[in-house]
Amino acid sequence: ALMAEGVTTLEIKSGYGLALEHERKCLQVARTLGQAQAVDVRTTFLGAHAVPPEFAGQTDAYVDAVLQMLMVLNAEGLVDAVDGFCERIAFSTAQIERVFAAAKALGLPVKLHAEQLSDSGGAQLAARYQALSVDHLEWLSDEGARACAQAGTVAVLLPGAFYF
């Protein structure tokens, strides 16, 4: 249906399995779709989307696991970009910075979900890493907006997420 409407490129993100085997499966399915259909599929690893229950109270340890997943999945050719969720219910700016530094060391561009529930400074972090985009931004500060504009980072507003 998307191709019939003229869509030529899709981004498919992982981030719902939160374990290597599930993140791998999602990214492999995305690659297969791109090979089987006349559409360019770009994959984004969103391992730092939420902290799984088995890592409750151990967010830094889960970030370590995310970094290991990133290394493996990138080596398998499954990652085109890296995303994360910087928010009080997810990951701190320091934790996301670890993920971004690893992505940049691998030559991968970054994206970020930020300022959805509070102004965490995620937009400024994304700008420092020349993120392709920052999603949500309901609580974006003037400083964050200026930083993203100067970095050329695209603001992606998701009003439906706010209301639902």
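Me: What makes Q116 count as buried?
Reply: Its relative accessible area is 17%, and buried means under 20%. So Q116 falls on the buried side of the cut-off. Keep in mind that this is a predicted model.

Me: Where does Q116 sit, and which residues does Q116 touch?
Reply: Q116 lies in the loop between β4 and α4 (122–128). Leaving aside neighbours within four places in sequence, Q116 is in contact with F85, E87, H136, L137, E138, W139 and A161. Take E138 from that list: Q116 and E138 are 22 residues apart along the chain, and their C-alpha atoms are separated by 5.2 Å.

Me: Why is V110 called buried?
Reply: V110 has a relative accessible area of 0%. The cut-off is under 20%, so V110 is buried.

Me: What is around V110?
Reply: V110 is placed in the loop between α3 (93–105) and β4 (111–114). Not counting residues up to four places away in sequence, V110 touches V82, F100, A103, K104, Y129, A131, L132 and S133.

Me: How do you know whether S14 is buried or exposed?
Reply: Set the value against the rule again: S14 has a relative accessible area of 1%, and under 20% means buried. So S14 is buried. S14 belongs to the loop between β1 (9–13) and α1 (20–36). Its contacts, leaving aside neighbours within four places in sequence, are E23, C26, L27, T44, F45, L46 and G47. The C-alpha atoms of S14 and H49, 35 residues apart along the chain, are separated by 8.8 Å.

Me: How many disulfides are there?
Reply: The count comes to zero.

Me: What makes C86 and C148 buried, then?
Reply: C86 has 1% relative accessibility and C148 has 7%. Buried means under 20%, so both cysteines qualify.

Me: What about the whole chain: how do you know that its radius of gyration agrees with a compact globule?
Reply: With 164 residues, a compact globule would have a radius of gyration near 15 Å, and the protein chain has 16 Å, which agrees. The C-alpha atoms fill a box of roughly 45 × 40 × 35 Å along the principal axes. Of the 164 residues, 42% count as buried. For contacts with a separation of 6 or more, residues 24 or more positions apart account for 59%.

Me: Which elements make up the protein chain, and how do they run?
Reply: There are six helices and six strands. From the N terminus on, they run β-α-β-α-β-α-β-α-β-α-β-α.

How values were computed:
Residues numbered from 1 in each chain as written. Predicted model: local features only at pLDDT ≥ 70, side-chain atom pairs only at ≥ 80, totals over all residues. Heavy atoms only, no water. Helix = DSSP H or I, 4+ residues; strand = E, 2+ residues; numbered from the N terminus. Rg over C-alpha atoms; globule rule 2.2 N^0.38 Å. Buried < 20%, exposed > 50% of the residue type's maximum accessible area, 1.4 Å probe, protein only. Contact = heavy atoms within 4.5 Å. Disulfide = S-S within 2.5 Å.
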